[in-house]
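Dear colleague,

Please find the structure that I am handing over to you below.

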Amino acid sequence: MIAIRQIHPVFVGEVSGVDLRQPLSQEEVAAIEAGMDRYAVLVFHGQNITDEQQMAFTLNFGAIENARGGHIAKDHELRLKKGMIDVSNLDKEGKPLARDDRRRMFNLGNRLWHSDSSFRAIPAKYSILSARAPASEGGNTEFADMRHAYDTLDDKTRALVEDMVCEHSLMYSRGSMGFTDLTEDERAMMKPVRQRLVRTHPVSGRKSLYLSSHAGNIVGWLVPESRDLLRDLTEHATQRENVYVHRWQQYDLVMWDNRQTMHRVRRFDETKPRDMRRTTVAGDAMTAAQAEAA
Ligand SMILES: [Fe+2]
């Protein structure tokens, strides 16, 4: 029997009583979905799964998101098969990427608070991350509950952001790290998309702040004033009491709802392998109308 125990004062459930290597029953899938709706992040321990098993588990919750446009690695450089997102620090031969490798520079953007795929017109629903070989030191993943962030805004700010629309692009998050070494094709791939700043969860009806380091502008605002407000909101959303720190053990699997949370990874020794593999459940709708093509 699946059981879920809340392990943080605000959100996050720890799940026991399920083996993710096996096909799940409808009841088990429903219990996990209900847990996601409530806790927004679920932690499973001791799940020594293969890529195939991870993808099969992912498909219980929707389609697997197409990874195109989300990274700068070339097809022939990919270590993992289609459907798997490589969030390790490894090249195709399983060796840590060189310090100055563009892919490493690009991946450093994951150290910023973000919501996965907020740079897509239809952003991701869930992310599912499996620790095949976590870092021995550092490399924690931190999560912030964006419902709690919304609930704890003052009335004036809540009214201010209610109908705001932001522009999100990988160019903004990478640019804020000082990584601007992009080709014309990459720039074209990173065309900004629009996202509402306040989202409403389709099941619980709870509102949340939809922030991400990919957000670089508020529609109708000047860029510096947009970034000032976005930074202020991010600081509010990521106060310690609203953050869960996950310290990875091998074969942990953590799934989170990108519609209700932000996350970031912390520094670790990048000369040693850190093998983390993600699958992503596609979302089903845009949050805002997109800009007309110029
Ligand atoms: Fe991420």
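The notes below cover the metal site, the salt bridges and a charged surface patch.

This is a predicted model, in which local features need pLDDT of at least 70 and side-chain atom pairs count only at pLDDT 80 or more, while totals for chains, interfaces and linings use all residues. Residues are numbered from 1 along each chain as its sequence is written, and side-chain values use heavy atoms, with hydrogens and water left out.

**Metal site.** The iron ion has His114 (NE2), Asp116 (OD) and His263 (NE2) as its protein donors, at 2.1 to 2.2 Å. Donors are N, O and S atoms within 2.8 Å of the metal (3.2 Å for Na, K and Ca); water is not among the atoms, so the site may look incomplete. Along the sequence, the spacing of the donor residues is H-x1-D-x146-H. Histidine 114 is buried at 4% relative accessibility, and aspartate 116 is likewise buried, with a relative accessible area of 4%. Here, buried means under 20% relative accessible area, exposed over 50%, and partly exposed in between (1.4 Å probe, protein chains only).

**Salt bridges.** The structure holds 27 salt bridges, each defined as a side-chain nitrogen of Lys or Arg within 4 Å of a carboxyl oxygen of Asp or Glu. One of them joins aspartate 51 and arginine 132 at 2.9 Å, N to O. Because aspartate 51 belongs to helix H2 (residues 51-58) and arginine 132 to strand S5 (residues 126-133), this pair ties together parts that are 81 residues apart in sequence. Helices (H or I, at least four residues) and strands (E, at least two) are DSSP runs, numbered from the N terminus. Aspartate 51 is buried at 9%, as is arginine 132 at 13%.

Another salt bridge pairs arginine 196 with aspartate 163, with 3.5 Å between the closest N and O atoms. Arginine 196 lies in strand S8 (residues 193-196) and aspartate 163 in the loop between helix H5 (155-161) and strand S7 (165-168), so the two connect parts 33 residues apart in sequence. Arginine 196 is partly exposed at 25%, whereas aspartate 163 is exposed at 60%.

**Surface patch.** Glu225, Asp228, Asp232 and Glu235 form a negative surface patch. Patch residues have over 30% relative accessible area and no salt bridge, and like charges are joined within 9 Å, with the place of a charge taken as CG of Asp or CD of Glu. Aspartate 232 lies in helix H8 (residues 223-237).

With kind regards

Technical notes: Patch = residues over 30% accessible without salt bridge, like charges linked within 9 Å, V, L, I, M, F, W, Y side chains within 5 Å. Areas by Shrake-Rupley, 256 points an atom, 1.4 Å probe, with all protein chains shown as cover. Lys, Arg positive; Asp, Glu negative; His and termini not counted.
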